[in-house]
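Have the coordinates open while you read.

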Amino acid sequence: MYSNITRHREKDIQKILLVEFGDKYSHYREMWDGASYENIPGFPIHVDFEVVDKCNQSCMMCPRNVATHPGTSYSLNTGRVLNYEKFKNIIDDGVSKGMLSINLGAFAEPLLNKRVFEMIKYAHDKGVIDSRLITNGLLINKYIDEVFTSGLVNLFFSVDAFSEERYFEIRGKGFNVVKENILNIIEEKKRRNTIFPIIRVSFIDMLVNRKEKDEFIRFWREKVDFVDIQVFDNYDVNITESFDMSKRKKWSCIAPFKRVSIMSDGKILPCCNFFGLNIPIGNIYENSLDDAWNSEKMQEIRSGIIHDDLDNCSICQRVGQ
């Protein structure tokens, strides 16, 4: 399998988590690592939630930026907020059926939903083992205490640049705010003498920022728990048009065999990528996760990935710069 992430770290994160959570975490990792084309769990192990359809940045590579992605076919930036009671219902049902992990930072900026840490705490109180919050970091200073008291396991910052100039080109204003906020969280974590949350910074490897990649890694590697360098996804591709399928895959997708995403409007997607918006498998207001997970549509998507003959998924794994 190809991977869409290159990880740089000084610590053995999995060992740390195994020590902290014991058998429960070991079971979760066995389930996660064991899921495959041939071994599909009876219920999603992990669910990504878009807790609000909104962002306070307009990154050049993101479909939310209508200037750089004028041809986007699906609706974005509506401001919809994921219904909190429905979220709790999904957690209650999911945990009883084997859901062990959640991400509340999918597709948008989660800190624009003021209940996001309340959601994280609820999930952990109900039995979720692993949690993730992916943020641009602009607002994290407003939630310092919640970061450390909600039970959050992983706090991921998307940065994508080392210099203010490159950051502005890619993401817009806020470089110094984000940098200071991340460093403050690191210091607060030291002050509280706690292991959690595990802190990551990430960098999408693009032509525009590639010269800063090594410096980015050197600066952050010893400060955070790990640094991720991610592959670039080109969302300008029209999946209805011809595409050179002889291109080598950038990565091999296993998402529909272990996870789903839930959008703020209730759509259930088979993966954690914007391309998944083209192939929803249900809606939480009309279908249960059980039904969506075992649906004919989901089985067709899995077959398309295995045989590499579903345009949406085949293109998603190949597009780039």
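Val 159, Ala 161, Phe 162, Phe 175, Val 178, Lys 179, Phe 219 and Trp 220 line the second largest cavity. Keep in mind that this is a predicted model. The search over the whole structure turned up two cavities of 30 Å³ or more.

**Second largest cavity**
- Its volume comes out at about 60 Å³.
- Helix α7 (175–192) and helix α8 each put at least two residues into the lining, and α7 gives the most, with three.
- By class, the lining has seven nonpolar residues, no polar ones and one charged.

**Largest cavity**
- This one has a volume of about 80 Å³.
- There are 13 lining residues, and Cys 253, Cys 271, Asn 312, Cys 313 and Cys 316 lie nearest the centre.
- The elements giving two or more residues to that lining are α10 (296–307) and α11 (311–316), with α11 taking the largest share at three residues.

**Strand β7 and its neighbours**
- Strand β7 (residues 226–230) is mostly covered, with five of its five residues buried.
- Phe 226, Asp 228 and Gln 230 point one way from β7, while Val 227 and Ile 229 point the other way.
- On the antiparallel side of things, β1 (residues 5–9) joins β7 through five bridges, and Arg 9 stands opposite Phe 226.
- Strand β6 (residues 198–204) pairs with β7 in the parallel sense, also over five bridges, and Phe 203 has Ile 229 as its bridge partner.
- Between β6 and β7 the chain passes through α8 (residues 213–221), making a right-handed β-α-β crossover.

Methods:
Residues numbered from 1 in each chain as written. Predicted model: local features only at pLDDT ≥ 70, side-chain atom pairs only at ≥ 80, totals over all residues. Heavy atoms only, no water. Buried < 20%, exposed > 50% of the residue type's maximum accessible area, 1.4 Å probe, protein only. Helix = DSSP H or I, 4+ residues; strand = E, 2+ residues; numbered from the N terminus. Pairing = 2+ DSSP bridges. Right-handed = clockwise from strand over helix to strand, strands pointing away. 1 Å grid on protein atoms, 1.4 Å probe; cavity = no way out; pocket = protein on both sides within 12 Å on 5 of 7 lines; lining within 4 Å. Points joined across faces, edges and corners; volume = space filled by probe spheres on them. Nonpolar A, V, L, I, M, F, W, Y, C, P; charged D, E, K, R; others polar.
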